[in-house]
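This report describes the fold, the surface and selected side-chain interactions of a single protein chain. The sequence and the structure are shown first.

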Amino acid sequence: VNNKGAFSEFIDTYATAEEEEEEASIVERPSKGKEELRSVPSEGKEGKAKRPSIPDKALISAEQAQIGNVKWLVLLTYFRAISLWLVALVFFLYVLESVFSVLAIFQLSDWSNAEDQSNSSTSLALYLGTYTGLGMAQTILSFLATFSLVVAGVRASRVLHNTMLERLLRAPIRFYETTPLGRVLN
């Protein structure tokens, strides 16, 4: 404050705002039979007119946390950011991977029951080949499903971030005056 820097000017400008608001006078002005009250700013120490006072409302509202489940609208917004066809693809790939997993279990069960009946090399090759094929298909589908889920997540992050950034950049100055910086950053 002793260095007369920018912060000192800020304090000098706004610290005396309460004193100057008390000095403002209220003037009655007739308007078509109704009385209208308005604040008339008084002149400051330098002789310049000050801005009208802000009503006694709090500029920053109290933060409210929501409790409970995620609302369907939030999930729908997330799915739209992913794109609905990509959501359907991820779902389909995971279902198909589960189907191949169940088929592999049934095939293994069938193989273990058939082992008691015959021991031929052709049936062994058939069972082993089928089980290996189902396992490979399950592995490939699991990779594709996980990869498409990652692509979907990255796409949703990019779309939601760009939308948020665009709205923040186009927000009126009043938004930044009434919203704490911590909320904007979060």
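The account below moves from the overall chain to one helix and then to individual residues.

The model is predicted. The protein chain comprises 7 helices and 2 strands, arranged from the N terminus in the order α-α-β-β-α-α-α-α-α. Of its 186 residues, 16% are buried. The protein chain exposes about 15,500 Å², with 62% of that area supplied by carbon and sulfur atoms. Among contacts with a separation of 6 or more, 54% join residues 24 or more positions apart.

In general, an α-helix has 3.6 residues a turn, so residues three or four places apart point the same way.

S83 occupies the loop between helix 3 (72-82) and helix 4 (84-114). The side chain of S83 makes a polar contact of 3.0 Å with that of W85.

How many salt bridges are counted? The count is 1 salt bridge, formed by E166 and R170, whose closest N and O atoms are 3.6 Å apart. Side chains of opposite charge can pair when their charged atoms come close.

The table gives the accessibility of residues named in these interactions.

| Residue | Relative accessibility | Class |
|---|---|---|
| S83 | 8% | buried |
| E166 | 45% | partly exposed |
| R170 | 68% | exposed |

S83 counts as buried because its relative accessibility of 8% is under the 20% limit.

Definitions and conventions. Residues numbered from 1 in each chain as written. Predicted model: local features only at pLDDT ≥ 70, side-chain atom pairs only at ≥ 80, totals over all residues. Heavy atoms only, no water. Salt bridge = Lys/Arg side-chain N within 4 Å of Asp/Glu carboxyl O. Buried < 20%, exposed > 50% of the residue type's maximum accessible area, 1.4 Å probe, protein only. Helix = DSSP H or I, 4+ residues; strand = E, 2+ residues; numbered from the N terminus. Polar contact = N/O pair within 3.5 Å; in protein donor to acceptor, adjacent residues only side chain to side chain. Contact = heavy atoms within 4.5 Å. Areas by Shrake-Rupley, 256 points an atom, 1.4 Å probe, with all protein chains shown as cover.
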